Amino acid sequence: MAKKKIALVGAGNIGATLAHLILQRKLAEVVLIDIAEGMTQGKALDLCQAAAIDGIDLNVLGTRDFKALSQADIVIITAGIARKPGMSRDDLLQVNAQIIQEIGQQIRQHCPETFVIVITNPLDAMVWLMQKSCGLPFQRVVGMAGVLDSGRFQYFLAAALNVSVRDIQTFVLGGHGDGMVALPRYTTISGVPLQAWIDQGKLSKQQLETLIERTRNGGAEIVNLIQTGSAYYAPASAALQMAEAYLYDQKRILPCAAWLQGHYGVKDIYAGVPVVIGANGVEKILELSLTEIEQQQFDTSVQGVRNLIQTLNTLGVS
Ligand code: TXD
């Protein structure tokens, strides 16, 4: 079987971590594209040597030449600047928007059949801009955030309940910002609704609210600790799940930033919702019924995305 090819545009913290994970999972050959050419070629060479040590016959190319995008099965975008302490994800808007536009044009030119996973922040607005820039069908341009945010909530909840992370299923929806929407009503522990655990006194309402707030601030908590950048191991693992679902046609149900056309009462915008990812990209959007309060939270979160897109339009970026 022909080897698959994943192009990573951005060879920084997330990009390089993702490259190593892809090799370790023997998922695909890797192309690392970055403007920092020496760093990129150095990381690629190091990764090739790691693969040799691990007995993995997959190559990694490091380059700044976007022609290397050609024939990529998947393109994952981490290019851009990351947050520093005190910065919000929205503060990255203008700088990263220009980068996303440039990369979108390269994808349009070199690999118009690919599947694009955007990671760069502010995520939902960057996915929207990427789709407009590259012109690929909506179902082949998706954003990674919900898998990360859900994973953070999963980790906090497992620790609070002293259960395995493997037994927790949950969704975090909406924009990848402070308004993201955790859904305790759709959270289960080994199939048992979270509410049953609360009713049995295993978790208080206050504790739950604290975990949800910590999830919303999950990115800032790590930025404040690291000081020189933002989270990268968990974002890389989250993107890998999406890439595997696409390459292996797994029909995984994952929370991702997807194009909404009336789903959840929202039109013409990207926001985090549960989707089915398979060989055709975003194959289906799953509509969960939301309470009035959940819907209000979702709408507020989506409005935050609309505000960013409005700012881009005002800046003449679209
Ligand atoms: O859940 C999520 N989606 C978020 C996304 C989770 C965590 C981090 N989030 C965002 O991902 C973060 O706010 C940044 O916008 C991106 C990438 O984060 P990372 O930590 O990987 O940033 P780095 O280490 O600064 O790497 C960015 C790389 C760096 O090597 C630059 O040289 C490169 O991007 N870069 C470019 N590559 C190609 N082309 C262009 N124009 C370019 N500009 C910068």
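**Ground rules.** I number residues from 1 along each chain as its sequence is written. In this predicted model local features need pLDDT of at least 70, side-chain atom pairs count only at pLDDT 80 or more, totals for chains, interfaces and linings use all residues, and side-chain values use heavy atoms, with hydrogens and water left out. Helices (H or I, at least four residues) and strands (E, at least two) are DSSP runs, numbered from the N terminus.

**Entry 1: helix α1.** I started with α1, residues 13-24. The helix has 12 residues and reaches 17 Å from its first C-alpha to its last. That is close to the 16 Å expected at 1.5 Å a residue, where the expected span is 1.5 Å times one less than the number of residues.

Which residues of α1 are buried? I list Ile14, Gly15, Ala16, Thr17, Leu18, Ala19, Ile22 and Leu23. Buried means under 20% relative accessible area, exposed over 50%, and partly exposed in between (1.4 Å probe, protein chains only). The cover over these buried residues includes strands β1 (5-9), β2 (29-33), β3 (60-63) and β4 (74-77). Helices α2 (37-53) and α9 (233-247) are also among the cover. Contact here means heavy atoms within 4.5 Å.

**Entry 2: positive phi.** Just after α1 I stopped at lysine 26. Its phi is positive, about 55°, although lysine 26 is not a glycine. Lysine 26 sits in the loop between α1 and β2. It is exposed, at 55% relative accessible area.

Glutamine 227 also went into the notebook, with a positive phi of about 70°. Its loop runs between α8 (218-226) and α9. At 44% relative accessibility, glutamine 227 is partly exposed.

**Entry 3: α5 against α7.** I then took helix α5 (residues 146-161) and helix α7 (residues 205-216). Their axes come within 9 Å and cross at roughly 145°. The crossing is right-handed: the near helix is turned clockwise from the far one by less than a right angle.

From α5, the meeting residues are Asp149, Arg152, Phe153, Phe156, Leu157 and Ala160. From α7, they are Leu208, Leu211, Ile212, Arg214 and Thr215. I sort the residues of this contact into 7 nonpolar, 1 polar and 3 charged. Ala, Val, Leu, Ile, Met, Phe, Trp, Tyr, Cys and Pro count as nonpolar, Asp, Glu, Lys and Arg as charged, and the others, Gly among them, as polar.

**Entry 4: around α4.** The peptide bond from asparagine 121 to proline 122 is cis, with omega near -10°. I place proline 122 in the loop between β5 (115-118) and α4.

Beyond four places in sequence, leucine 136 touches Ile107, Pro112, Thr114, Val116, Gln131 and Val141. Proline 137 is partly exposed, at 39% relative accessible area.

**Entry 5: glutamate 294.** Glutamate 294 is buried, at 9% relative accessible area. Beyond four places in sequence, its contacts are Val181, Leu183, Arg185 and Ser289. A polar atom of its side chain lies 2.7 Å from the backbone nitrogen of threonine 291.

How values were computed. A polar contact is a pair of N or O atoms within 3.5 Å; within protein, one must be able to donate a hydrogen and the other to accept it, and residues adjacent in sequence count only if both atoms are side-chain atoms. Axes are lines fitted to C-alpha atoms, for helices over the stretch in contact, and angles run from 0 to 180 degrees between N-to-C directions.
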